[in-house]
Amino acid sequence: MNRSHSYRPLRRPAAAAASGTEKELPPVWDSSEAWGACAKALREYDEDMIRDWKEEIDTLLVFAGLFSAILTAFNIESYKLLQQQPEDTLVSMLAQISGQLNSFSVNPSFVNTTRPTSAASLVPSFEAGAFAVRLNAWWFSALVCSLLAASLGLQVKQWLREYLAGSSSVSRESIRIRQFRHEGLRRWHVPEIILFLPMLLQVALVLFFAGLLDLLWSLHPIVAGVVTAIVAVALLFVGMTSLAPPLYADCPYKSPQSWLLCMLIQYIKRTAIAMASRSYRHIHHPGNDDLLASKLDLPTIMQNKLAGTFRAWLQRVAQSRPFSSWKEREKVLANRTAGTLDDATLASADATFMDDSFLHNVVRPCMSDIEPHAALRCLDRILLRRAPRVIYGLPYWELALDAGDKGTVTLMHLLLDVLHRLNQEVEEDEADEPRRHLLVTMHRLVRAIPGQETSSVGDHSTRALFRRTFEVLSGVINPGPTRSAATTVVRERAFHLMLKLFPRFQAVGPTSIVAFCAYGRRMREDNSPYRFMQACCMVIRASATLAQETMGEASADTSQVPQKPLPYLPEDATPQPASRASTMTLNTEPDAGVPAGEYASIRPSVVLVVQDLEDFFSIPVSRAAECRPTMAMLAECAEAIVALAAQDRHVVSVGLVAALSGMVTDTWVAEGGDPGDASLEGEGGEDEKDEYHGHIARQAVRLLRRMYRLPWLHGDRWR
């Protein structure tokens, strides 16, 4: 049993503390305190060891007492078979009388006559049979072994008591006495004697079964056959459980007899290692005289086609080492599979408690301390156990119902932790498959995270989770110059997840906005107009939100502020509900102040994105059917531009407003709208949704042209 010890280190001199070097140097022990701490630790170790031995001996004594009592009852009846009983003499005399009566006869000369009987024939000689000798040999030997185990157990307890006697002090002299006794304990093989006690009881049990089967076979074959089968199965189980631990390191059937077999195997292994070492040295140093290697003539053998294999085997065997205890072998093997054992330990701990607080406060910090791929395996086990549904071996979650669900938030943080570590340690394309697997899981889990609209209890934690999600995903789509870029599949999955979360959370940080800018430029180079438009909209919308937070401007609450009629709407038009962005910015005057803080750091990148968007709207190919944005995308883009212009008017150029106006006009006409229809409820769209998006886009463009005082062209009849 291991105990944790807390030691109090010495305080450093005042000069060292004043210089500020106390935290940098390791704790210093005074020699007397160090010896005292050593004595205390060794005493606790000895007490634990002696207590375990005494508990084992007490159990053996109880078993030995019960077994001896049962065995004595059998021996009381069996020893009678070894001596002549008075009943046997009586039976012989009655047999003699019966014989005399049978010899009675009537002759002419005599009325009665009998055969003479000698005195020796009345008391026949006695000799115990072979069966009686075997039976008593079995059972009395078993009784002796059982009593001997009990007697040795009592003696060992006395030895152990004397081992701890007088070692309560923590002086240096007590350490010397303890070490003197400990060396004597090992030299006189006390641990081996303790291991021998249960083996002695096992031998007694086997002897008892042997005598019992011998007795039953002499009485009735059917009963003997049934009992023999049961005993054979039991002995086979004991033999297999004793043989398995030396062969399989993870086998828990460790016992004294299995350790005896392990010692035998270790002895054979030591002999093989010694022979392999000498042979290996002779191969590489032929001048070294060695009788065994000389007789084998190994240099000649090495010339055949198995030379490399044989040499490698010799080297592997020569470099191996035997183990002196179960713990030593387990320690070596545990170090070889440390990562696998770590993730299995954390997954098992979470499965044992199934507590959200334990998962967040214990499992999550431990997972950050293990290898990333091991953490990923552990996380897969946790997700499969905590997911409400598992389909084809994959976890699935329902829509968020509980606003205060902390377990789902913690699971998302665990996924982000592993993904962030993979982003930091990735080399070339090695981590793309693990990252793809994480992103697929995050797509399924994100739907179960309570949104800001429903998360009344954990609103702050949900906002922090969303912000961190965008930060980590930004490292996937924009890894930076020092790290290799992710594959297209991984990058697309990461951006799609950000696009999925963006309507729920837009207050992302500068890192995410820069990643959106880099992704938009890449998509334009790859001729992906839709992805380019989505990235630009996210950049503009997130920049507007960041500028509003940085400049300290609160969003206008249109549900409480009376709405003024827009002067550019037709008098007979029926206003429709606008989106969240439009209600926040359509009635807000643009700010011409100088940006500051985080927004100022990403403003140059935003300006470049706005210029790229203006160039895209201006080129004729953007009007083509295969490249033209949908009305929904244009409505979203127009709303984002209005929101950004309301915060930083100088970022949005007049050319962008003019190009957006032309794009909205062409798209409206291309989708079936009437350019002369100025009403808000026209029937030019394919359905109500397209009509609604067209209305939002045109309303935003009207406001932009009014903000930047752009004149209306003759063709802009829908103004």
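Here is a short walk through some inner spaces and aromatic rings of this structure. The model is predicted, so to speak of local features a pLDDT of at least 70 is needed, side-chain atom pairs count only at pLDDT 80 or more, and totals for chains, interfaces and linings use all residues. Residues are numbered from 1 along each chain as its sequence is written, and side-chain values use heavy atoms, with hydrogens and water left out.

Let us start inside. There are 3 cavities of 30 Å³ or more, a cavity being a set of points on a 1 Å grid over the protein atoms alone where a 1.4 Å probe fits but cannot get out. The second largest cavity holds about 40 Å³, the volume being the space filled by probe spheres set on the points, which are joined across faces, edges and corners. Its lining (residues with an atom within 4 Å of a point) includes Arg 364, Met 367, Asp 417 and Arg 421. Helix 14 (356-367) and helix 16 (406-425) are the elements that give two or more residues to this lining; helices here are DSSP runs (H or I) of at least four residues, numbered from the N terminus. Helix 16 has the largest share, with 4 residues.

Now for the rings. The structure has 16 aromatic pairs, meaning rings of Phe, Tyr or Trp (its six-membered ring) with centres within 6.5 Å. One aromatic cluster is formed by Phe 63, Phe 67, Phe 74, Trp 139, Phe 208 and Phe 209.

Charges also meet rings here. Arg 444 lies over the face of Tyr 396, 5.1 Å from the ring centre, and the charged end of Arg 649 sits over the ring of Tyr 708, at 5.1 Å from its centre. For this, CZ of Arg or NZ of Lys must be within 6 Å of the ring centre and within 35 degrees of the ring normal.

Key:
1 Å grid on protein atoms, 1.4 Å probe; cavity = no way out; pocket = protein on both sides within 12 Å on 5 of 7 lines; lining within 4 Å. Phe/Tyr/Trp six-rings, centres within 6.5 Å; stacked < 30°, edge-to-face > 60°.
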